[in-house]
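Let's go through this one feature by feature. Ask about whatever you'd like to learn to read.

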Amino acid sequence: MKHNYRILLAGNPNVGKSTIFNTLTGMHQHTGNWAGKTVSCAKGRYYYNSDEYSILDLPGTYSLYESSPDETAATNAIHKNDYDCIVIAADASSPERNLDLVLQILSITDKAVLCFNLCDEARKKGIDTNKDKLSDILGIPIVFTSARSGKGIEELRRTISELVKNKIETRPLKIDYDENTEKYIKILSDNLTKNGYNAISSRRAALHILRSKVTAPVRIKNEYISLSLPDSKAVRNSITASYISESRRIAALCVTNNSKKSRSFRADKILTSKLSGIPVLILLLALIFYITIIGANYPSQLLDMLFEKLGAVLYKLADQVSMPLFFKGLLIDGIYTSLSQVISVMLPPMAIFFPLFTLLEDLGYLPRAAYILDPLFSKAGTNGKNALSVMMGFGCNACGVTGCRIMGGMGQRCVASVTNAFVPCNGRFPTLIAIITMFIIAGLPEKLREPAGALILVTAIIFSLAVSMLVSRLLTRALHISDKEPFIMELPDYRIPQIGKTIIRSVFDRTVIILGRAVMVAAPAGAVIWLLAELKINDTALIEHLSVLLEPLGRLMGLDGVILSGFLLGFPANEIVMPIILMIYKCASGMTETGEMQGILAALTENGWTVKTAVCMIIFTLMHFPCSTTLITIWKETRSIRWTAAGFFIPTICGIIFCTAANLIMSIWF
Amino acid sequence: MIRKKMLRLSELPFDIPAVIIKLPEDDNLRFALLRFGISEQTTIRRILSSPFGDPNTYFCRDTLISIRNSDAGRISVMAEVSDEA
């Protein structure tokens, strides 16, 4: 008879858990050389001997103490006990350390198989584990795998199948805790037994309560809260220390370690050293940005051209079916134009930036970047991991906000999410570059233009990042969230990335999802913008009324009402801010040609743009409310209206203040 | 002369194995270290310093781990070091 079995996959971060999952199921979940990659549980299935195995990939965790959302999710899933078997993935090249988690899991369940992954790497390093002896001590089956090459996976499938069919008997190692801990376990489990738990489950539940930091299952805790455990922190620490010393004892019996200094160590001597660490980091980042900006130009133009042609075809079609003028305008001039602009400007840079970034991630370089930049970010009240969300923010702020998940505490995570809007994303780069080219460097000799332009762009970015760090420092200080979380981070071994897979997966994982969200908002926004431009009150378009309303604030900030309207209506995506501004100017003056740079420059100068306007425009482009996609992401990640509101208002207020200051200072000269 | 000496982890010379004698009492740091599998009696070695001199990379239980100097300064270790160190 065909059966359906449920399997859990647990393990430390960075042991190739996602690769094991993918190899077992034939799925393509993204794998990253980075702690905390699997932030939510992935589900998959495979068939073995005509039985179906549903497999749940838990987030990678170092322990089961519920000290982070990931750990809570993993711990709760394991405690639920609604599975047939648990596969514990461990890194064969650091067996002792991985045993900590193995022992913790074995204190909860009997049905487990230990999958010692990366065994080829371990052998190369000179670390050898005696499989039979370890299996005998732990009392569970062990399989050695190299999931990347598929080695051992068949044996793993077979072992899982034998385990769920009770063909293998397990007798998991029981840990003896110290006297004090055993006393509390007994008090708690006696109480649990009185309330219907059997002897085994009551001991497990008691350990769960004692181990958890704050969020032990309320259901259990509420019942026994009256027990008022004295000094639970000390008990928890002593339980943890028991696992560590037991792992040490077991490793001493089963592991031979002839490890030499690894290749990672030799690479780190160059990549993170005092002398070359920072130049290498700057060079790598500069290279990524260069390839992105240069590489995106051509496909952007190509897409633009294709969309234009398709637009003409759509017009013809609309004429053929004699579509009413109103709908033709709304659908083609409104929705279609806005959609095509967003896609042609946004897609190419994202499709280049994120795969490159993912390659660095798979290589194992990103934790090193966090390590190098930690002192800088610790001054801002966060830690080095914030550097990574900032880097991702350059590609897309929404991705940057998602990237904040790797930050330790919730407080730091919220602050990092809110300050990510100060990082100019791909959608803002074209605007910044165009304005610098047209207004700031135009008067310089031909040869100086490019280097001067690059220098100004970099200065502008550094200024924006400095403001973001200042805001971050003020927030962490004011809310007392700085320095509460110690910054301890694993630096995983460098690995050669699987280039083809990485590129394909990162395009699907990040680019398509973000583009999807952008399209979802760009389409209705396109309709709204078109309606605002077409609908008239007293012979003046609604959009112009809006501009008139915003004019005083715009003037104060060295801008004008039209520019502010452009930013407001460009809320769905930063890419469409400039086109909207040009459209409103066009609407007011009846201009025709705005396509080429010269035409744009003429349109802007005609409407009163000077160097001062350009500078203020650069500042406000760097500092204003993030796009709607990012804002939705902030809400999804923090689940807090307050932090989402902070994400909207803090950059906007900073932008207004700095623009006004720049306007007043420059008014003295201009 | 080489002799056994008690030091702070942040003062440990490079490439000298040391045994952790005492973790800080502070709950957050102690727990963070325990979660990473670092406890009393664990052997640890400082191997690299970052470009700004902080944090430092330590080798512990076959894994590279970075610890800030302010945190490492609160961990006591025992190591065989020469008198000059």
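**Reading the interface and beyond**

A: Chain A and chain B bury about 3,800 Å² between them, 56% of it on carbon and sulfur atoms. Buried area here is the accessible area (1.4 Å probe) that two parts lose on being put together, summed over both. This is a predicted model, where local features need pLDDT of at least 70, side-chain atom pairs count only at pLDDT 80 or more, and totals for chains, interfaces and linings use all residues. Residues are numbered from 1 along each chain as its sequence is written, chains are lettered from A and ligands numbered from 1 in the order in which they are written, and side-chain values use heavy atoms, with hydrogens and water left out.

Q: Which three residues supply 19% of the area that chain A buries against chain B?

A: The size of an interface is often given as the accessible area lost when the parts come together. Here A:R97, A:Y371 and A:I488 supply that 19%, more than any other three residues. By contacts (heavy atoms within 4.5 Å), 47 residues of chain A touch 38 residues of chain B.

Q: How many salt bridges and polar contacts are there between chain A and chain B?

A: A salt bridge needs a side-chain nitrogen of Lys or Arg within 4 Å of a carboxyl oxygen of Asp or Glu. In one salt bridge, the side chain of A:E96 meets that of B:R61 (2.8 Å, N to O). A:E96 sits in helix α3 of chain A and B:R61 in the loop between β4 (56-60) and β5 (63-67) of chain B, so the pair joins two chains. B:R35 and A:E71 also meet through their side chains, at 2.6 Å, N to O. As for polar contacts (N or O atoms within 3.5 Å; within protein, one able to donate a hydrogen and the other to accept it, with sequence neighbours counting only if both atoms are side-chain atoms), the rule finds 14 residue pairs across this interface, both at pLDDT 80 or more.

Q: Which element gives the most to the side of chain A that touches chain B?

A: Helices (H or I, at least four residues) and strands (E, at least two) are DSSP runs, numbered from the N terminus. On this side of chain A, α10(A) gives the most, with seven residues.
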